[in-house]
Amino acid sequence: MGSLIAGRGTFIDLHSHSTASDGQHPAAEVARRAAAAGVSVWALTDHDSVAALGVAATAAAQHGMRFVPGIELSVTLERKEIHVLGHFVDPESGPLRRFEDLLAEKRRTRMNGILERLSALGITLSAGEVEKFSGGKTLARPHIARALLERNLVASVKEAFDRFLAEGRPAYVGRYRLAAEEAIALVRGAGGTATVAHPGVNKLERVDVARLAGWGLCGIEVHHADHPPSLREKFLAMARDLDLVPTAGSDYHGEEVAPDRHFGDVTMSPPELERLEARRG
């Protein structure tokens, strides 16, 4: 692994999003903001998409950061939704590209379903109004939320979710998800490492993480903005017990989408990043 850039901050952040999925800013702007916050090693992990990785790699180099190409996959484990982060993936991997195309089609179908439900509630949005907030093929609920916000139909992205888009709300439509074992195999087949994202958010227990480890999981995102110290200690002990690499990610989406998550909130050590990279493929 390359050394950290001399004179820069030592933040290592392996979880962030751009407009290629559900982030607020294009990849180049996410890179600029990461660098401004002192990030030295940065991963872009858009949901179900590798579309922005080329732009992100170029921008990272311009700002003197080491770039880690990534992706975040929404998957199921025993009917529970969890997220798997892929790091060091090959953006040109054939299976990964085909999966991205499949997910883009299914996300568009989902978006149309949400727009139909909003229309039934008396709120008419066009596909174009939503797509203007997306920088890639992946369409997500935050894009719809921002379209509602632009039309002054809600006061914030959070209100859009609370009133219409969250699970159990009137415009919610479920999404297609891979099985966790398939997701890990997809990431490993693309030359990457598989890490379970924000396990505390998804209420994962040791038995869950042990199953994932048995399928080839490499790491566990111990350091996350939504993990209080008690959860970090719990998952750090779990990582040690199961021989998983403890990773860190701000889960940055942008100020409008996720105002409580910022670059520089969390980090991990360079030796742990080396351990993670050594487990590629």
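Mentor: Trp-42 and Phe-67 are both buried, and keep in mind that this is a predicted model. Going by ring centres, you get two aromatic pairs here. Trp-42 and Phe-67 make up one of them, with centres 5.3 Å apart and 55° between the planes, which puts the pair in the tilted class. Trp-42 belongs to strand β2 (residues 39-44) and Phe-67 to strand β3 (residues 66-77), so their pairing ties together parts that are 25 residues apart in sequence.

Now for the other pair, Tyr-252 with Phe-263: this one is stacked, at 4.4 Å centre to centre with 25° between the planes. Tyr-252 and Phe-263 each lie in the loop between β8 (245-249) and α10 (270-277), so here the pair links parts 11 residues apart in sequence. Tyr-252 is buried, at a relative accessible area of 3%. Phe-263 comes out at 10% relative accessibility, so it counts as buried because the cut-off is under 20%.

One more ring to look at is Tyr-176: the charged end of Lys-106 sits over it, 4.9 Å from the ring centre.

While you're zoomed in, check His-198, in the loop between β6 (193-196) and α8 (206-214). His-198 has 6% relative accessibility and counts as buried. Its side chain makes a polar contact with the side chain of Asn-202, at 3.2 Å. Beyond its neighbours within four places in sequence, His-198 is in contact with His-15, Glu-72, His-83, Glu-221, His-224, His-227 and Asp-251.

Conventions: Residues numbered from 1 in each chain as written. Predicted model: local features only at pLDDT ≥ 70, side-chain atom pairs only at ≥ 80, totals over all residues. Heavy atoms only, no water. Phe/Tyr/Trp six-rings, centres within 6.5 Å; stacked < 30°, edge-to-face > 60°. Helix = DSSP H or I, 4+ residues; strand = E, 2+ residues; numbered from the N terminus. Buried < 20%, exposed > 50% of the residue type's maximum accessible area, 1.4 Å probe, protein only. Lys NZ or Arg CZ within 6 Å of the ring centre and 35° of its normal. Polar contact = N/O pair within 3.5 Å; in protein donor to acceptor, adjacent residues only side chain to side chain. Contact = heavy atoms within 4.5 Å.
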